[in-house]
Amino acid sequence: MVDTGKRNIGAFTGLYPTPFVLCGTYDAEGRANLAALAWAGVCCSAPPALQISLRKSRHTYGSIVSRRAFTVNIPRADDARVADYCGLVSGRTHDKFAEAGLTPVRGEFADAPMVDEFPVCIECRLLHLLEIGSHDLFVGEILACWVRGSCLEPDGSVNPLRVSPIAFAPGDGRYYELGGSVGRAFDIGKSLIKAVEK
Ligand SMILES: Cc1cc2nc3c(=O)[nH]c(=O)nc-3n(C[C@H](O)[C@H](O)[C@H](O)COP(=O)(O)O)c2cc1C
């Protein structure tokens, strides 16, 4: 084999960084709960949809199945401590909203709570549930995406640096923040099209 200078580190979940988000749910007793998730991402444009993956053991798992709804909330880098806390204890025995000092806001479109303090909150209804292995894949149709006004540009687009999301690196198990833009999508490559066409 050609020496590429790379080392195969195995069948590792190396698609990183991943988003780091809190999934909001109401459980069977109607208690608002949050779970920290790193296995998450966008999976469809129309209908707008995202995916999250959960172990069956999570309290959140049964809540989504019974309510067929959940929210995905994006914490800021400054929220890393409280967001991490929501990945350390279970809603079975903890009121994570109260303990983390977060405020639940009932979703307008989905039967799930959002985090008032976080800059972006996405309401979803459960579209599909696929059993995979250690984790099962939940596909949620996005019904609404709430963004704090201070994170919006005058043209209505989201300014990611003002959102200040947290990225998770499965490799070293650390949280990171955004550095800055390296170019405009569907645009920076155009100069190469021109060069190839010459
Ligand atoms: C950085 C980080 C990422 C996590 N990602 C996931 C994930 O993608 N899926 C999952 O099932 N659990 C994940 N967890 C663990 C859950 O957040 C944790 O088990 C939590 O206590 C579940 O809460 P619940 O029992 O109230 O649902 C993660 C935890 C941390 C700290």
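Helices (H or I, at least four residues) and strands (E, at least two) are taken here as DSSP runs, numbered from the N terminus. Phe186, for one, is found in the loop between E12 and helix H5 (190-197). The model is a predicted one, so local features need pLDDT of at least 70 and side-chain atom pairs count only at pLDDT 80 or more, while totals for chains, interfaces and linings use all residues. Residues are numbered from 1 along each chain as its sequence is written, and side-chain values use heavy atoms, with hydrogens and water left out.

Back to Phe186: this residue has a positive phi of about 60° although it is not a glycine. Ser164 is another non-glycine residue with a positive phi, near 60°, and its place is in the loop between helix H4 (160-163) and E11.

E11 itself belongs to an open sheet of 3 strands, in the order E1-E11-E12, with antiparallel pairing. Strand E1 (18-19) and strand E12 (174-177) stand at the edges with a single partner strand each, so one side of each has no neighbour in the sheet. Pairing here calls for at least two bridges found by DSSP between two strands. E1 and strand E11 (residues 166-169) pair in the antiparallel sense over 2 bridges, and Pro19 has Ala167 in E11 as its bridge partner.

Strand E4 (residues 40-44) and strand E5 (residues 49-55) run antiparallel and are joined by 4 bridges, with Ala40 standing opposite Ile52 in E5. The hairpin gets from E4 to E5 through 4 residues. Pro47 lies in that loop between E4 and E5, and the peptide bond from Ala46 to Pro47 is cis, with omega near 0°.

Now for the ligand. It is surrounded by 23 residues, and the closest are Ala36, Thr60, Val89, Ser90 and Gly91; a residue is counted as near if one of its heavy atoms lies within 4 Å. By type, the shell around the ligand divides into 11 nonpolar, 8 polar and 4 charged residues.

An oxygen atom of the ligand is 2.7 Å from a polar backbone atom of Ala36, and a backbone N or O atom of His59 lies 3.0 Å from an oxygen atom of the ligand. For Gly91, a polar backbone atom is 2.7 Å from a ligand oxygen. Taken alone, the ligand exposes 650 Å², and the protein buries 87% of that (areas by the Shrake-Rupley method with a 1.4 Å probe).

The space taken by the ligand is the second largest pocket. On a 1 Å grid over the protein atoms alone, a pocket is an open set of points where a 1.4 Å probe fits, with protein on both sides within 12 Å along at least five of seven lines; a molecule sits in a pocket if more than half of its atoms lie within 2 Å of its grid points. Strand E3 (32-37), E5 and helix H1 (59-67) are the elements that give two or more residues to the shell around the ligand, and E3 brings the largest share, 4 residues.

Conventions: Polar contact = N/O pair within 3.5 Å; in protein donor to acceptor, adjacent residues only side chain to side chain. 1 Å grid on protein atoms, 1.4 Å probe; cavity = no way out; pocket = protein on both sides within 12 Å on 5 of 7 lines; lining within 4 Å. Nonpolar A, V, L, I, M, F, W, Y, C, P; charged D, E, K, R; others polar.
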